[in-house]
Amino acid sequence: MVAISGREDYVTPRSGLLIYHDGFFDLDGIYEKMKKWFSMRRYDYVEKEMQIKNKPQGREYVMGLWGEREIDEYFKFHVRVQIFSIRTGKVKDGNIGWVKINVQAYIELDWTKRWQGTPWKRFLFYAYNNYVIKDRIQRVYENKLYGELLEVVSIAKSCLREVHH
């Protein structure tokens, strides 16, 4: 088992999970369903980035949808969804083009920074995470966040479908 060394414990690879799709998709549906999911799960939701550029080959969209939820005074869940689409055109029921969706999820440990002031406190933070509560972090919190991550991926994939004309 890998030691928990920092304040961020990722349940995805640090670079995130990538979903690629070339064809029909519902960009508005992804956006609306993600917003609704963050709200239903009681995440504090921020649109970190929202860009639309008109290019000769079609529109380019860049969206950053970030959410965080306090679990208690020590744990905080983070879910980040980055959407990048190029060659995007409007069709009757959605969009057509190439889209990449990157989903990251991690647990922020000691988000109130009570264990970060001195080298001694940081040592205790490391020992506490890796020897006292590591089992609880992995079995309870990582599993819970991973389940939520799967819901987000499922929402994204549900909008990458054939659009019927």
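Student: Does Val103 count as buried or exposed?

Tutor: Val103 counts as buried, at 0% relative accessibility. Buried means under 20% relative accessible area, exposed means over 50%, and partly exposed lies in between, with a 1.4 Å probe and protein chains only.

A word on the model before we go on. It is predicted, so local features need pLDDT of at least 70 and side-chain atom pairs count only at pLDDT 80 or more, while totals for chains, interfaces and linings use all residues. Residues are numbered from 1 along each chain as its sequence is written, and side-chain values use heavy atoms, with hydrogens and water left out.

Back to Val103. Its place is strand β6. Helices (H or I, at least four residues) and strands (E, at least two) are DSSP runs, numbered from the N terminus. Setting aside neighbours within four places in sequence, Val103 is in contact with Thr12, Gly16, Leu17, Arg80, Leu149, Val152 and Val153. Contact means heavy atoms within 4.5 Å. Leu65 is 38 residues from Val103 along the chain, and their C-alpha atoms are separated by 9.6 Å.

Now widen the view. The chain has three helices and six strands. Their order along the sequence is β-β-α-β-β-β-β-α-α. Of its 165 residues, 44% count as buried. Take contacts between residues at least 6 apart in sequence: 69% of them join residues at least 24 apart. The C-alpha atoms fill a box of roughly 60 × 30 × 25 Å along the principal axes.

Next comes the core. The largest nonpolar core holds 38 residues, and Val79, Ile83 and Ile101 have the most contacts inside it. Such a core is a set of buried Ala, Val, Leu, Ile, Met, Phe, Trp, Tyr and Cys residues joined through side-chain atoms within 4.5 Å. Two or more residues each come from β2 (17-25), α1 (27-40), β4 (58-70), β5 (75-91), β6 (94-109) and α3 (134-158). The largest share, eight residues, is from α3. Look at Val79. Beyond four places in sequence, its contacts include Trp37, Phe38, Leu65, Trp66, Leu145 and Val152.

Val152 leads us to a helix pair. It is among the α3 residues that meet α1. From α1 come Ile30, Lys33, Met34 and Trp37; from α3 come Glu148, Glu151, Val152, Ile155, Ala156 and Ser158. By class, this contact has six nonpolar, one polar and three charged residues. Ala, Val, Leu, Ile, Met, Phe, Trp, Tyr, Cys and Pro count as nonpolar, Asp, Glu, Lys and Arg as charged, and the others, Gly among them, as polar.

How do the two helices lie? The axes of α1 and α3 come within 9 Å and cross at roughly 160°. Axes are lines fitted to C-alpha atoms, for helices over the stretch in contact, and angles run from 0 to 180 degrees between N-to-C directions. α1 and α3 are therefore roughly antiparallel to each other. Angles under 35 degrees count as roughly parallel, over 145 as roughly antiparallel, 65 to 115 as roughly perpendicular and the rest as oblique.

Tyr128, Asn129, Asn130 and Val132 in α2 meet Lys134, Arg136 and Ile137 in α3. This contact divides into three nonpolar, two polar and two charged residues.

Asp28 sits in helix α1 and is partly exposed at 46% relative accessibility. Beyond four places in sequence, Asp28 touches Lys90 and Asn95. Lys90 belongs to strand β5 and is exposed, with a relative accessible area of 60%. Lys90 and Thr112 are 22 residues apart in sequence, yet 45 Å apart in space, C-alpha to C-alpha.

Two loop residues close the tour. Arg42, in the loop between α1 and β3 (44-55), is not a glycine but has a positive phi near 60°. Arg42 is exposed at 69% relative accessible area. Lys113 has a positive phi of about 60° as well. It is found in the loop between β6 and α2 (119-132), and is exposed at 52%.
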